[in-house]
Every structure is written in C-alpha cells, then in structure tokens.
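User: I'd like a close look at a single part of this model and at what lies around it. Could you walk me through it in one go?

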Amino acid sequence: MAGLWRSYQVLMTRYPWTVQIVTAGSLVGVGDVIAQQAIERRGLAHHNVQRTAKMMSVGFFFVGPVVGSWYKVLDRLVVGGTKTAAMKKMLVDQVCFAPCFLGAFLCISGALNGLTVEENVTKLKRDYTDALISNYYLWPPVQIANFYFIPLHHRLAVVQVVAVAWNSYLTWKANKM
C-alpha cells in the first residue's frame, strides 16, 4: 500500500492535472458501482454498465476539471494555511461553490440520462434540496481538515476518497427516476 501511495505521489508531482482528472472520473465510477450494488441492490447481472460509463464521463469531464480548477481559484482567493483561512475557504466553498456544483451535476446527469428540460427541472426541484442538505452534513468538516492539513495538489484526491461514499449517494440521487 505504501508503494502505491508513493507511486501516486510521483505521478501527482509529474502530471497533477491528469492524475486529478483520472482519479475523479474513476472514483465517480466506483461511487456509481457502489450505488447500483449496495444501495439499489441490482446484482451483477442487472448492473447498468452504460450508466457507470456515463457517470465516469461526468467525473472525467466535469467533476475533475471543475473541482480541481476551483481549488486553485479558492487558494488564490483565500491565502494562507491558518485555521482562520481554512474556515474561510470552507465557507466560500460551501456557500458559493457547492450549491452551483450540485445543481450542475444533477442537470448534467439528467441530460445524460435523456431527460427533457422539463423533466430535468422537475427532477432538480425534487432532489436538489435533499442533496444540498446532505452535502452540508458531510462536507464542511471534511473541507476544514482538507484546507488546513492537505497541500493544494492533494486536495482533490482527499475529497475524492471521501467522495466515494458521497458519489454513491449522489449517483443514486442523480439516477433515481
């Protein structure tokens, strides 16, 4: 395990952007597999591989680039590694970024699932508030620790490890019709 972590760190040093995006896409996919198998109890015979591929593409092309870029912007907006700076970063992240990100994630997932604009709006009205409230239960303590203890180039990875559980919930919520 230590060797795997060292390899990951070497790759993060050489190719931070690529590794962050691949990590995000892979872990969104893992979250969908967990959602289908543990939450929805589909079983392997009824696993929707196409859905997992769609969710991975959301991770590769939306979650990874957007969250990775956001952390760079946030680090420029709120400078420092103090407890106060970590708290400010968490507040800006949760008040400004999280609501927009969740809405976009749910809309993109709905569009990839073939929902019409009207169906997507209805689904967003039904699911958005629950997802945002759940977000506020999980992410503020994670983000305070992340912003205080974790270097910038590892933040997306930390978030994605915690997000395996979150992605399971979110992909279940996004694909619940």
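Analyst: Residues 91–116 are 85% helix and 0% strand, with the end C-alpha atoms 34 Å apart.

A quick word on the ground rules: the model is predicted, so local features need pLDDT of at least 70 and side-chain atom pairs pLDDT 80 or more, while totals for chains, interfaces and linings use all residues. Residues are numbered from 1 along each chain as its sequence is written, and side-chain values use heavy atoms, without hydrogens or water.

Now to the part I'd pick for you, helix H5, which covers residues 117–149 (helices are DSSP runs of H or I, at least four residues, numbered from the N terminus). H5 has 33 residues, yet its end C-alpha atoms are only 41 Å apart, whereas a straight helix at 1.5 Å a residue would reach 48 Å (1.5 Å times one less than the number of residues). Along H5 there is a kink of about 40° at Trp 139, shortly before the proline Pro 140 (the angle between axes fitted to the seven residues ending there and the seven starting there).

Both Trp 139 and Pro 140 are buried (under 20% relative accessible area, 1.4 Å probe, protein chains only). The buried residues of H5 also include Asn 120, Lys 123, Asp 127 and Asn 135. Further along H5, Val 142, Gln 143, Asn 146 and Phe 147 are buried as well.

The structure holds one cavity of 30 Å³ or more (points on a 1 Å grid where a 1.4 Å probe fits but cannot get out; volume is the space filled by probe spheres on points joined across faces, edges and corners). The largest cavity contains about 250 Å³. Its lining has 20 residues, and those closest to the centre are Val 67, Phe 101, Trp 139, Val 159 and Trp 166 (lining means an atom within 4 Å of a point).

H4 makes the largest contribution, with seven residues.

How values were computed:
Helix = DSSP H or I, 4+ residues; strand = E, 2+ residues; numbered from the N terminus. Buried < 20%, exposed > 50% of the residue type's maximum accessible area, 1.4 Å probe, protein only. 1 Å grid on protein atoms, 1.4 Å probe; cavity = no way out; pocket = protein on both sides within 12 Å on 5 of 7 lines; lining within 4 Å.
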